Amino acid sequence: TTPVRFNFTAEDKAGQTGTADFIITTEPSVSYLLTTFNWQWKSKLGKCLDSDPETEQILDCEKDNIYSFNADGTYTLDYGAVTGTGGGTCDFDGFAPATTWSLNADETELTLNSVNAFDPNDVRSEVYNVSEFTNSSIKSTQTIDLTVFGCVIWDWKFEWTAKPK
């Protein structure tokens, strides 16, 4: 949070003056933070089975991914140098290019849209529920359904870290 100070001086008809300070403490919005910095996953916690403990699930090929959000509602995803290998989703990097992002009115849901590179009618949406944010970090959860792989539906925890644009 950043304090902003306004100092007012008033003078009455008799020429007497008085001053007063008015201090406002501001906090940047999620939208401002997203468009001011690039963003990279610092952590991705999740699990497969209910009996499993939550563990770090970020893949090496995801560690250098950079999200860049634009004020016009578009975004790009740079997969970095390590891409297209390593298993998991990385084998499919670039198959669904990034298109648009949006926040709901109270900035608690970040939606990222992408389009299947082979079928423009196949629009994919990922919803991240923003739980906390600071000037350099955004914490969110995303409900991920892995039942097709014999796993559970779980709210994975993502921590994003700010990088200079």
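Predicted model: local features only at pLDDT ≥ 70, side-chain atom pairs only at ≥ 80, totals over all residues.

Visitor: Is Ser114 buried or exposed?

Guide: Ser114 is buried, because its relative accessible area is 10% and the cut-off for buried is under 20%.

Visitor: OK, and what is Ser114 in contact with, leaving aside neighbours within four places in sequence?

Guide: On that count, Ser114 contacts Tyr75, then Ala96, Pro97, Ala98 and Thr99, and also Asp122, Val123 and Arg124.

Visitor: How many salt bridges does the count come to?

Guide: Four. Another one of them joins Lys157 to Glu54, where the closest N and O atoms are 2.9 Å apart. That pair links distant parts of the chain: Lys157 belongs to strand 11, while Glu54 lies in the loop between strand 3 and strand 4, and 103 residues separate them.

Visitor: How accessible are Lys157 and Glu54?

Guide: Lys157 is partly exposed, with 36% relative accessible area, and Glu54 is partly exposed at 30%.

Visitor: And what does Asp60 pair up with?

Guide: Asp60 makes a salt bridge with Lys63, again with a closest N to O distance given as 3.2 Å. Asp60 is exposed at 57%, whereas Lys63 is partly exposed at 43%.

Visitor: Switching topic: which strands does strand 11 pair with?

Guide: Strand 3 is one partner, antiparallel over seven bridges, with Asn38 standing opposite Lys163. Strand 10 is another, also antiparallel, joined to strand 11 by nine bridges. There, Lys139 has Glu159 as its bridge partner.

Visitor: Now the inside. Which residues touch the most other members of the largest nonpolar core?

Guide: That core has 20 residues, and the ones touching the most other members are Leu34, Trp39, Tyr67, Phe69, Leu110, Leu112 and Trp160. Elements giving two or more residues to this core include helix 1, strand 3, strand 8 and strand 11.

Visitor: Which element gives the largest share?

Guide: Strand 11, with four residues.

Visitor: Last one: what does Leu110 touch, not counting residues up to four places away?

Guide: Leu110 touches Leu34, Phe69, Trp101, Ser102 and Leu103, plus Glu126, Val127, Tyr128 and Val130.

Key:
Residues numbered from 1 in each chain as written. Heavy atoms only, no water. Core = buried A, V, L, I, M, F, W, Y, C linked by side-chain atoms within 4.5 Å. Buried < 20%, exposed > 50% of the residue type's maximum accessible area, 1.4 Å probe, protein only. Contact = heavy atoms within 4.5 Å. Pairing = 2+ DSSP bridges. Salt bridge = Lys/Arg side-chain N within 4 Å of Asp/Glu carboxyl O.
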